[in-house]
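Here is a friendly briefing to read alongside the structure. Please keep the viewer open as you go through the topics.

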Amino acid sequence: FEFERYMMEKINVLHVYKASMPESYGGVESFIDTLCKADSRLGVNNSVLTLSPDPQENPIKMDGYTVYQAKQNLFLASTGFSLSAFKKFKSLEEKADIIHYHFPNPFADLLHLVCAPTKPCIVTYHSDIVKQRFLLHVYKKLKRYFLSSVHRIVATSPNYFISSDVLQRYADKVSVVPIGIDDKNLTSDAERLNYWRGRLPEPFFLFVGAMRYYKGLHIALDAVAGTEIRIAIAGANGVESELKQQAASLKLGNVDFLGFVSEEDKVALLHLCYGFIFPSHMRSEAFGISLLEAAAVGKPMISCEIGTGTTFVNAASETGLVIKPGSPHDLREAMQYLLDNPDTAAKMGRNAQKRYRELFTAEQQAESYHKLYQSLLCE
């Protein structure tokens, strides 16, 4: 009876993360946006509590959710802290049926400890804490309290669940729900296709994403040095200047730094590229949403085996090639293999698109979370 009642009623979910669209466009922010849009069609009312150095006084209406911003008073070790967030959290929790945290975000752990919410709590575990080793030691007790006290933990891939010591510690309450994307906006525009055809010689391999230290782009530059293999890099910030200096020192005429590109241009590049490279070589790369976009448009992929979701998206020898991390030689050999075997590359691209449709759509992700929400409310 309880399950049937919650099938019919609206479920009010409060998401908690350090950043949110429309102010920030990172991977977790994109995940929250996609989930909220899709599960709002299933009868979920979504609110997002986030921090901002310059918060909007009024709630921000988005497609499928409402964003509430608290004043960020301090930003330390990639984490924001806010005094006003405690009051806002208590107010929003009263109207919520479920609290949905997104990890890692140590301030959310603190909110949870101080405010002691009475509603069922779920956390999507996006990544281990990899970079902040010293602070992780200080934060360890709070993290363990937080993960022990929530009702359900969601891993974004079976690969990450198996390889994470933290998730294994709480295995009895971990569910796996793969990340999904909405491919409705991945239709190519003829004007943008023609523009990029005129600008980039084909064939080329594409990378899309922020130029962070763990993306392995320095490895990609070494891989194409002294070859005719072309790569196009769409993204900015992070280690961009260091990469351009490396390319200049290697005298690479076969690498195009495209900088930040619009969504329309990104889609055109995905459709035009011969294959997609994702040379991330550290566990900081927990999943790789860009891989999903490449798969959705039917491109063969090259990624590294780092024990995370990248190899769940890119199934070795089926949807692309999986190489050992940090090896320019192996990346160069993989790209050359795809260029030398166009029929195999095309088949891998078709397999990638098929796998995307079977496992990684926004609708499948939303339905899985909706069932988790319902089961929590019936416990």
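Predicted model: local features only at pLDDT ≥ 70, side-chain atom pairs only at ≥ 80, totals over all residues.

Helices and strands here are DSSP runs, numbered from the N terminus, with helices (H or I) having at least four residues and strands (E) at least two.

- Strand β1 (residues 11–16) and β2 run parallel and are joined by 6 bridges.
- Between β1 and β2 the chain passes through helix α2 (residues 27–40), and this β-α-β crossover is right-handed.
- Within this pair, valine 16 stands opposite leucine 49 in β2.
- β2 also pairs with strand β4 (residues 65–71), in the parallel sense and over 7 bridges.
- Here leucine 51 has alanine 70 in β4 as its bridge partner.
- How enclosed is strand β2 (residues 44–52) by the rest of the structure? Of its 9 residues, 8 are buried, so β2 is largely enclosed.
- Alanine 155 has valine 176 in β10 as its bridge partner.

**Helices on and around that sheet**

- Two packed helices are described by the angle between their axes and the distance between the axes.
- For helix α3 (residues 84–95) and helix α4 (residues 106–115), the axes come within 10 Å and cross at roughly 65°.
- The crossing of α3 and α4 is right-handed.
- On the α3 side, the contact is made by Ala85, Phe86, Phe89 and Lys90, while α4 contributes Phe107, Leu110, Leu111, Val114 and Cys115.

**The sheet of 6 strands**

- This open sheet has 6 strands in the order β13-β12-β11-β14-β15-β16, with parallel pairing.
- Its edge strands are β13 (255–259) and β16 (320–323), each pairing on one side only.
- The twist averages 20° from one strand to the next.
- Strand β15 (residues 301–304) pairs with β16 in the parallel sense over 4 bridges.
- Cysteine 304 has isoleucine 323 in β16 as its bridge partner.
- Helix α14 (residues 328–340) packs on the sheet, touching β11, β12, β14, β15 and β16, and its direction makes about 165° with that of β16.

**Helix α11**

- Which residues of α11 are buried? They are Asp265, Lys266, Val267, Ala268, Leu269, Leu270 and Leu272.
- With 7 of its 10 residues buried, α11 is largely enclosed by the rest of the structure.
- These buried residues pack against α8 (190–199), β11, β12, β13, β14 and α12 (289–296).

- Is arginine 230 buried or exposed? Its relative accessibility is 18%, and buried means under 20%, so arginine 230 counts as buried.
- The side chain of arginine 230 makes a polar contact with the side chain of aspartate 256, at 2.8 Å.
- Leaving out residues up to four places away in sequence, arginine 230 touches Pro201, Pro203, Phe204, Phe205, Gly253, Asn254, Val255 and Asp256.
- Glutamate 29 sits in helix α2, and is buried with a relative accessible area of 8%.
- Leaving out residues up to four places away in sequence, glutamate 29 touches Tyr17, Ala19, Ser20, Met21 and Ser24.
- From glutamate 29 to arginine 332 the separation is 303 residues in sequence and 33 Å in space, C-alpha to C-alpha.

Definitions and conventions: Residues numbered from 1 in each chain as written. Heavy atoms only, no water. Buried < 20%, exposed > 50% of the residue type's maximum accessible area, 1.4 Å probe, protein only. Polar contact = N/O pair within 3.5 Å; in protein donor to acceptor, adjacent residues only side chain to side chain. Contact = heavy atoms within 4.5 Å. Pairing = 2+ DSSP bridges. Right-handed = clockwise from strand over helix to strand, strands pointing away. Axes fitted to C-alpha atoms, helices over the stretch in contact; angles between N-to-C directions. Left-handed = near helix turned anticlockwise from the far one by under 90°.
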